[in-house]
Amino acid sequence: MKNFALLIKTLDSTNKTTVKVQALTDYFLKANDEDKVWTIAVLSHRRPPRPVNTTLLRTWASESANIPLWLFEESYHIVGDLAETIALVIPAADQSSDKSLTTFLQEMIALKKKTDEDKKAYLYKNWEMLNYYERFVFTKLITGGFRIGVSQKLMTRALAKATEIDEDILAYKLMGNWDPNTISFQQLVLEENESDYLSKPYPFYLAYAIEGEAADLGDINDWFAEHKWDGIRSQVILRNDDLFVWSRGEELVTDKYPEFEKFVGIIPNGTVIDGEILPFPNETIGTFNDLQTRIGRKNVTPALLKKVPVILKAYDILEWEGEDIRKSPFIERREILEKLFKDVAEDSRSEATERSRNDIPLHQSETMHFNSWDELAQERDRAREMHSEGLMLKRKDSPYLVGRKKGDWWKWKVDPLTIDAVLTYAMRGHGRRSNLFTDYTFALWKDNEEGEKELVTFAKAYSGLTDAEFRKLDAWIKKNTLERFGPVRSVTPHHVFEIAFEGIALSKRHKSGIATRFPRMLRWRKDKNIHEANTLEDLKGLIPSHE
Amino acid sequence: MKTPLLQFTSNGIYCKKAQVYLDPWKPVDHAIISHGHADHSRYGHKKYITHHRNVPIILHRLGEINVTGKEWGETFIINNVTFSLHPAGHIIGSSQIRVEHKGEVWVFTGDYKTENDGISTPYEPIKCDTFITECTFGLPAFKWTPQAEVLENINNWWAENKAEGKTSILFGYSLGKAQRLLKYLNTDIGEIYTHGAIENMTEVLRPLVDFPKTTLITKETKKEQLLGNIVLAPPSAHGSTWIRKMVPYVTASASGWMTFRGARRRRAIDKGFVLSDHCDWTGLLQSIEATGAEKVICTHGYADIFSKYLREQGYDARTEATQYGEEETETALASKSTAAV
């Protein structure tokens with residue numbers, strides 16, 4: 001634990017990536033194998049289940065610090081991180097623990113099953129004994145969500161340096177389902193073990209947004225275009241008559257999309273498809289809002305399956321006949337994918353079952369070829385009509401890379417929809433935005449029953465402003481607060497912002513009756529007063545007419 | 001109801017009986033000034049009264065003004081109201097202002113800290129009936145480590161950077177923090193370079209305190225000269241081209257706000273040292289207790305939260321809005337333009 005806390009302290013004491021990677025590398029070279037596995041797990045968001053709920057944690061921490069609970073809560077809103085707040089308010093201790101990181105984590109796993117009394121005693125003992133950083137790390141391990149400015153990518157890079165194993169290969173090994181409590185460092189990192197790979201997805205290749213003009217990409221004949229679908233990026237794996245569906249967040253979501261069970265026996269074993277899970281109500285592509293009703297549901301009811309069925313819009317194939325084909329050019333991978341589609345279609349036709357082609361929820365994301373960049377731009381303008389977010393441009397000879405890389409793939413989104421709205425509520429941010437009001441709620445005008453104009457909340461946004469603008473607005477909010485509701489403050493309606501968003505749909509879950517997709521602040525309209533902001537009717541006017 | 005001895009008006013804290021303002025934020029005739037930070041000593045008053053150690057500071061900052069310097073504890077009577085200044089320990093020349101009329105005593109702290117920093121006259125608790133206190137760090141999350149330990153860490157940090165052939169850049173307010181740091185930097189490690197704003201203020205204070213030698217960074221200063229040495233700069237210089245020319249360097253900030261990990265990360269500073277010229281949570285509570293005051297008025301900082309806690313502890317506590325605190329807030333830091341070198 002000492003070394004791990006020291007590592008976190010070092011990572012915390014620098015703003016430079018090279019120094020962070022070096023600190024992690026040094027740690028991986030020194031730490032014992034068990035601690036290494038747990039460190040990898042913790043830094044790749046594989047924390048053990050939370051042994052104590054945060055309500056109890058907050059109550060006990062305020063008791064241990066001898067302050068009223070409300071004062072602890074206020075401090076937490078300002079500090080912006082629960083573990084950090086606990087480490088700060090409890091009186092200083094200067095001991096450190098010789099117990100290893102692994103021992104602590106095993107204790108925490110065991111703690112889950114203990115009585116509240118035992119849990120409390122365990123926490124008190126460690127809080128009162130450990131020094132600030134160890135106490136912070138200890139509590140952070142309990143609360144989970146170990147975000148400390150080290151991405152999984154940085155961690156993988158450091159591990160690659162320490163083990164001299166290629167970074168991309170390591171990224172692959174660390175994917176998928178593994179249990180830090182049972183796997184050894186040897187098995188996880190060093191060994192080649194075929195059977196472990198059964199469910200493993202490949203690291204996703206991610207595109208950057210295009211910079212400047214699409215035409216700057218050179219000869220249009222070198223490029224394919226596809227629509228950029230707005231669903232859940234996923235990999236669908238078929239191996240050994242088993243199906244695995246992974247989301248981009250490395251979450252195994254097979255059970256959430258039972259529709260895809262139909263792939264087994266139709267798509268051959270040794271196939272990995274990269275595509276987008278899309279809602280497909282009434283045989284047409286739905287909105288992301290439709291998909292929201294499926295995300296996060298543990299139990300998918302037959303009614304929901306019927307109301308919002310999903311399809312896989314496939315655009316790439318990473319493994320074929322058991323071979324990793326990511327290095328083959330995109331154009332060849334697409335040929336294989338298209339052949340697969342043809343086979344699936346024929347299979348399902350020839351089979352003497354009632355299955356028709358439409359029953360297999362596998363759709364192809366068509367690649368399009370254009371003769372000029374102008375033609376391509378025209379297709380992009382059709383994006384909303386196609387229910388896409390814009391276009392993806394993929395170089396025909398591009399391999400399938402690991403992570404976010406520039407050069408071969410670009411996303412070229414449609415310009416967002418925009419509306420001018422009034423700032424009405426603000427909340428403090430977290431992490432590097434702690435103690436700063438950076439999370440805002442925006443409202444539009446609406447005529448109420450008495451025919452008076454009132455502001456109706458329609459979206460929350462917390463990105464799009466510069467640090468300097470956030471600071472200015474933060475100072476203004478502190479001086480213009482009307483009411484406080486815990487961490488939230490209502491403010492005098494005064495500031496107008498141009499809010500941009502990707503999509504829009506009617507929604508019963510929203511007070512305004514409208515859901516916007518990925519709203520963010522495009523501009524601070526200091527030139528406008530609140531009466532010049534848009535109305536809810538204006539917003540409704542942006543909903544595509546066929547909905 | 002009788003008029004309170006001190007009132008909170010749109011111009012500032014006002015003693016009607018004496019027709020005097022304490023740290024007013026709008027131009028007035030008579031002002032008693034607690035200390036030299038810009039949010040407490042503003043332009044445009046006709047007469048200033050302050051501690052004599054603050055006189056050179058405000059003359060430097062405000063130019064030609066009509067100012068009278070007082071000793072600690074020296075009483076001066078205006079319209080039967082007795083005023084005196086008492087050390088606040090915040091920065092050099094910083095005072096609490098004691099106001100007495102017919103046996104009723106009010107104390108206004110301005111800004112203060114309880115730890116003796118070795119360059120400001122140490123804080124003394126003053127018995128009073130009503131205590132007007134700042135509470136910049138009025139949350140239990142703020143707990144200061146003794147200065148000696150923090151300063152040792154700062155010197156160690158400098159030595160480590162030197163060993164790596166890098167320039168150390170340390171940010172601190174040009175009045176107060178910069179001199180406190182300067183006083184204790186270990187000149188065996190290397191030389192101390194300064195930003196213009198800090199050099200000028202330090203020059204003003206040299207007759208009052210013995211400081212190590214500093215060298216002003218000018219256009220002629222080569223970045224090779226700086227390698228291994230330390231540069232003292234105001235927070236507003238962070239991210240400026242002035243700093244960028246000094247590569248390779250490592251940055252650090254010395255401030256109470258460095259308690260929060262997020263605050264350091266947000267500013268993109270490498271290292272944060274928690275060193276404040278204000279009271280921490282315990283310091284605030286202990287000072288209030290030591291004054292024996294029954295009434296407490298909380299001004300700038302986490303005033304709502306802090307006064308609620310005081311009420312729970314049995315004090316008659318409330319908050320009053322002032323225009324103090326800008327000196328130390330992020331907004332003020334961000335908006336202050338980088339001083340020319």
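Which residues in helix 3 of chain B are buried? I put this to the model, which is a predicted one, and I found Lys177(B), Ala178(B), Gln179(B), Arg180(B), Leu181(B) and Leu182(B) to be the buried residues of that helix.

**Entry 1: helix 3 of chain B**

I noted that helix 3 of chain B is mostly covered, with 6 of its 8 residues buried. When I looked up what its buried residues pack against, I found strand 12, strand 13, helix 4, strand 15 and strand 16 of chain B. I then turned to the pair formed with helix 4 (residues 196-205) of chain B, where the two helices pack at an angle of about 75° and their axes are 10 Å apart. On the helix 3 side I listed Ala178(B), Gln179(B) and Leu182(B), which meet Ile198(B), Met201(B), Thr202(B) and Leu205(B) in helix 4 of chain B.

**Entry 2: the sheet of chain B**

I next traced the open sheet of 6 strands in chain B, whose order I wrote down as 14-13-15-12-16-17, with parallel pairing. Strand 14 (215-216) and strand 17 (271-273) of chain B stand at the edges, and because each has a single partner strand, one side of each is left without a neighbour in the sheet. Inside that order I checked strand 12 (residues 167-171) of chain B, which runs parallel to strand 15 (residues 230-233) of chain B and is joined to it by 4 bridges. In this pair I found Ser168(B) opposite Ile230(B) of strand 15 of chain B. Helix 2 (residues 147-163) of chain B packs on the sheet, where I recorded its touching strand 12, strand 15, strand 16 (249-254) and strand 17 of chain B, with a direction that makes about 155° with that of strand 17 of chain B. Helix 3 (residues 177-184) of chain B also packs on the sheet, touching strand 12, strand 13 (192-194), strand 15 and strand 16 of chain B, and its direction makes about 160° with that of strand 15 of chain B.

**Entry 3: helix 2 of chain B**

I looked up the length of helix 2 of chain B and found 17 residues that reach 24 Å from the first C-alpha to the last, close to the 24 Å expected at 1.5 Å a residue. Its buried residues are Leu151(B), Ile154(B), Trp158(B) and Asn161(B). These cover an arc of only 80° around the axis, so I place them on the same side of helix 2 of chain B. As a reminder to myself, an α-helix has 3.6 residues a turn, so residues three or four places apart point the same way. The face turned away from the buried side of helix 2 of chain B carries the exposed residues Ala148(B), Glu149(B), Asn156(B), Glu160(B) and Ala163(B). Among the elements that cover the buried residues of helix 2 of chain B I listed strand 12, helix 3, strand 15, strand 16 and strand 17 of chain B. Just after this helix I noticed Gly165(B), which takes a positive phi of about 70°.

**Entry 4: where chain A meets chain B**

I found 28 residues of chain A in contact with 22 residues of chain B. On the side of chain A that touches chain B, helix 5 (69-79), helix 6 (82-89) and helix 17 (467-479) of chain A each supply at least two residues. The largest share of that side, 5 residues, comes from helix 5 of chain A.

**Entry 5: chain A on its own**

Conventions:
Residues numbered from 1 in each chain as written. Chains lettered and ligands numbered in written order. Predicted model: local features only at pLDDT ≥ 70, side-chain atom pairs only at ≥ 80, totals over all residues. Pairing = 2+ DSSP bridges. Contact = placed C-beta atoms within 7 Å. Axes fitted to C-alpha atoms, helices over the stretch in contact; angles between N-to-C directions. Expected span 1.5 Å × (residues − 1). Buried ≥ 20, exposed ≤ 12 C-beta atoms within 10 Å, placed from the backbone. Arc of directions from axis to C-beta.
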